[in-house]
Amino acid sequence: MSPVLARVLTGAATAVALGAVAVGFMGGTPTTASAGLGASVAVAAGWVVLRRQPGNPVGPALAWSSACVALVLSNDVLAASAYTRHPLPLAGIAKQWWVGCWPVNLAGVLALLLLFPDGRLGGRLWRALPWTYAAATLGMIVSEWGGRQVDGQIAGVWSGPREVIGTVSMSLVGACLILAVASQVVRYRHGDQRRREQIRWLLLAGAAVVTLLIAGWVLQSLGVVIGFAYAPFLSGIVVLLPAAVGVAVLRHDLFDVDRLLGEGTAWVITLVVSAGIYSLVVATLGYAVAAGTGLGNAAAVFLTALPLLPLQRHVAGWVGRFVDRDRHVAVAEVERFAADVRTGRRQPEEIEEVLRLAQRDPLLRIQVVRPDGSWGLLDGRAVVAPTGIPLEAGGDEIARIRLGWDSARARRRITALAKAAWVPIEVSRLRLVLREALDEVEASSHRLAEAAAAERQRLERELHDGAQQRIVATGMRLRSLQRHLPPGQAAEVDTAVAELEETVAELRRIANGVRPVRLSDGLGAALAAVRDASPVPLSLVVDEPDHLDEATRLTAYLVVSEAVTNALKHAFARRIDVSIAPHGASVAITVVDDGVGGVPAVGLTALRDRIHSVGGTLKVWSPVGGGTRIEALL
Amino acid sequence: MKIIVAEDSVLFREGLVRLLQDAGHTVVAAVGDAEALVAAAEQDADLAVVDVRMPPRGDDDGALAAVQLRATRPELGILLLSQHLELRHCLELIGTPGFGYLLKDRVLRLDEFDEALSRVATGGIALDPEVVQGLVRSHRAPAALAALTPREHDVLALVAEGHSNTTVAAQLVLSERTIEAHMRNIFTKLGLHDDGATHRRVLAVVTYLESAGAD
C-alpha cells in the first residue's frame, strides 16, 4: 500500500472518530461521544504504526477497527434524530440503513485480522473475502432498508425476498468473520518465529479481553452495576487490542509474550475452574447442611482454595504445552536428558549438544570454571575471556553459556533450559576437573619415573666412567712406577694394585645395583642375570619391543626382579616362569610361580606404585595354595 | 708390536700408552674417539686397543668402530676394553680370530694383559671370564656340547677365554698333559680334525660360543 493512501485512510478514520465525538455531543448521547474518544486510542496506535512502517496497511486497519464502531454509533445517533423534532444533518439517509449497517461495526476488525501482522493478504481466496464481506453488508442494508429501532429493539419483521437476502447476508457475514480468524490460525501455523510471536501478542490481548469478560460476568453475578462490571472488558477491547497490535508490529520481542500468554491463560482457566468448584460446593452444601450460613460459604472458600495452587501448576504445564509449545518441548528434552544422565544411560558431557539442539543454536558453547579460576570448554580447551549467561551453584559461578545467536528472547529461553541442564553441566565440569587432575598426576609421576631412571643411568655412568676409570688409571701409574722400584717395594705395589682391583669390582657391583648395566644390551640380557642368581628353575622368555624408553625398560626389569624376589622369599616357589612380550604399544610382563599364593589384593604396594609411575596397570591372581600370577602392562 | 690406542679418557689413555711402551711396544697412534680410530687404522699396525664407550655419541661407538675395522682391515687385531659388559654391537666378533674383549681393570695384571695382547695380535682370542660366563650361562646347554663331561666343559670355557694349555692347567690345578688329553677328547667329540693346532682350538671355541649363542 502506498504511504499516501495509508495516511489518507488513517486520516479518514481520525475524522470519523472525531466526528463521533461531535455527533455524540450534538445528539446528546454521551455513550457515542466516549466511544469516539475511545476509538482515538486505536487511531493513535494506527498513526504510530504508520509512522514506523509507512506502507503497512495494518496502521489504517488498526485505526478503522475502532473507527468503524464509532461510525456505526454516529449513524445510530443521526438515524434516531430523524424521528425527533430536530433531525440532525444527514438523518434522512442515516435512518434508512440504521438497522442494516451493523456489519460495518466489524469491518475494521476483519481487515485487521486479514492483514495482521505484515499487511499482506494471503492468496486469491483471502483477497475475495473483503469483497464478499462488503457484498454481505450491502445485502444486509438492502434487506433491512428503512428499518427502525425502538428502545434498542428492531421494529417490524420483513418477509419474502428481503428475508431471504437478509438470511444469506447474515450467514455470509458470519462465514467471513470465521474465515478471518482462520486466516490468523493459518498464518500462525505456517509462520516463522517472528510471525508467531507477533500473532501471540494478538492472542494475548484476546485472552485478556476474554478474562475481562469473565470478570464482568463474575462481578455482575455479585450484583455490581452492569455498566461498571463490563467497563474493564470494553476498555480492554478499545485499549488493549490496539496496544497489543501496535506492540506486535513495532516491537514484537518487547516482553516474553509466550510466558505472559501461557501464564495468563493458565490463570484464567484456574479461575474459571475455581469459580466452578466454588459454585458447586455452595450449591451442594446449600442442599445438604448449612444452607445460607457463613459456615457454608467458608467451607466453599476453603475447598476452593485447597486445589488452587496445584491446579494452577498443572494447568500452567498443560497450557504451556499448547501456547508455548516450542519452549515447553525444548525444556522437556533437556529434562529427559538430565534424567538419562542420572540413570547412566547417557554421558553428561553430551549436554552441550543437547542444549544446542534445544536452543536451535549450533554455535552455543558451555564454558566452565576450573579449580584454579581459569576457564575452559568441556573438551578441555582453555578459554581466555568467557562470555554469556552465567550459571551459579551455591553462589559461585560455575559456568557460562555463550550463544551464537544472542537476543533478549534467546537469553530467556536459555535461562529456562539452563535450569534443567544445571546438574549435567556441573557433573561434566567436575568430571573434566577430575580428569585433568588425574592426567596431571599421571604425567607428573611419569616425569618423576623418567627423571629417576635418567638419574640412575647418570649415576651408573659416573661410577663407571669417573671413579672406576680413575682408579684403574691410578693403578696403571702405580704399575709404571713399580718398574723402577726395588723388589721389596714392588711387592707392596702389587698389594696396592690388588686392593684397587677389589675396589673396582666393588664399584662395579654398586653400579649394577643402581642400574643393571646389561640393561643397555636389552631386557633379556639384564634379566638373564636375575635368572642366573635364582636358586630354583626360572624360565625366561623375552620378546622385547623396539624403542622402549629407559624408564619403562628399567621399570620392567625392576618389576620382574622384585616379583622373583617375592616368589622366592615369601611364596617359597619351586619354579618361576617369566615372560615379556609386546602388547600393542605397551609391553606385557607375566611372572608365574608355584608357591603358597594368598597375596592380599591390596598387597604388592611397592610393585603397584612402580608400575603406576610409568602409567602401567597390575593384575594379581593369588589363590591360597595355588601359586601367584602377576600380570603387568607398561 | 705396533699398537693403536683409542681411549677418550686422557688419564687412562696416557697410563695405557706408558704401560704399553714400558712393555716394549710401539704406540703408533693414540686417539680419543671412534672416528679418529678409523682414520688411524690406515697406518701399519698389529693391534688396536679400543675403549667400548667413546665419542662422538658417547655410547658403544668403540664396538661399532671395531665391527667396521674388522670389515675394512680384517688382519688388524682388535682388543676391546670396557668398564662393564656391554656386548650389544660386538656379539658377532666374539669368538672370531684376532678379537679380544676385556674389562678395563685386567690391564693392571701386566703379564696376563700382555699375553692377551700377543694372542689377539697373532689371530688368537682373549675373552674376559665374565664375558664367557655371561654368554654361556645366558643360554641353554647346546646339543653339540651335551656330549662333553663337566671337566671338559671347564677346560673348554677357559680355552674360550683365550688361555693356553699351560695356564688352563695352572687354573684347574691339573697337569698340562691331562689338559692336552681333555682337548683331544673335546676335538673328537666336536668332530674337529687335526689340521693345525691353533686353528682347531679356535674352531672349538667358536663352536662353544656359537652353540651358546644359537639360542
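Predicted model: local features only at pLDDT ≥ 70, side-chain atom pairs only at ≥ 80, totals over all residues.

Me: Are A:Glu352 and A:Arg356 buried or exposed?
Reply: A residue counts as buried when its relative accessible area is under 20%. A:Glu352 falls in that class, and A:Arg356 does too. The word asked for is buried.

Me: How is A:Glu333 classed at 35% relative accessibility?
Reply: A:Glu333 forms a salt bridge with A:Arg336, with 3.6 Å between the closest N and O atoms. Both residues lie in helix 14 (residues 325-342) of chain A, three residues apart. Buried means under 20% and exposed means over 50%, with partly exposed in between. A:Glu333 has 35%, so the class is partly exposed.

Me: Why does A:Arg553 count as buried?
Reply: A:Arg553 forms a salt bridge with A:Glu544, the closest N and O atoms being 3.3 Å apart. The limit for a buried residue is under 20% relative accessible area. A:Arg553 is buried because its relative accessible area is 17%.

Me: Which residue of chain B is linked with A:Glu460, A:Asp465, A:Arg515 and A:Glu550 in a network of salt bridges?
Reply: Between chain B and chain A there are six salt bridges. One salt bridge joins the side chains of A:Arg508 and B:Asp105 at 2.9 Å, N to O. The network takes in A:Glu460, A:Asp465, A:Arg515, A:Glu550 and, from chain B, B:Arg53.

Me: How much area is buried between chain B and chain A?
Reply: The contact takes 26 residues from chain A and 30 residues from chain B. In chain B, the residues that lose the most area to chain A are B:Arg53, B:Gln83 and B:Leu108, together 28% of what that side buries. Carbon and sulfur atoms give 50% of the buried area, which is about 2700 Å².

Me: Which helix of chain B gives the largest share of the side that touches chain A?
Reply: There are 14 residue pairs in polar contact between chain B and chain A. Helix 1 (10-22) and helix 5 (129-137) of chain B each supply at least two residues of the side of chain B that touches chain A. The largest share is seven residues, and it comes from helix 1 of chain B.

Me: How is A:Leu5 classed, with a relative accessible area of 42%?
Reply: A:Leu5 is found in helix 1 (residues 3-27) of chain A. Together with A:Met1, A:Val4 and A:Val8, A:Leu5 forms a nonpolar patch on the surface, with about 370 Å² of accessible area. Since 42% lies between the limits of 20% and 50%, A:Leu5 is partly exposed.

Me: What percentage of the 215 residues of chain B count as buried?
Reply: Chain B has nine helices and six strands, while chain A has 20 helices and twelve strands. In chain A, buried residues make up 41% of 634 residues. For chain B, the value is 53%.

Definitions and conventions:
Residues numbered from 1 in each chain as written. Chains lettered and ligands numbered in written order. Heavy atoms only, no water. Patch = residues over 30% accessible without salt bridge, like charges linked within 9 Å, V, L, I, M, F, W, Y side chains within 5 Å. Areas by Shrake-Rupley, 256 points an atom, 1.4 Å probe, with all protein chains shown as cover. Salt bridge = Lys/Arg side-chain N within 4 Å of Asp/Glu carboxyl O. Helix = DSSP H or I, 4+ residues; strand = E, 2+ residues; numbered from the N terminus. Buried < 20%, exposed > 50% of the residue type's maximum accessible area, 1.4 Å probe, protein only. Contact = heavy atoms within 4.5 Å. Buried area = accessible area lost by both parts, 1.4 Å probe. Polar contact = N/O pair within 3.5 Å; in protein donor to acceptor, adjacent residues only side chain to side chain.
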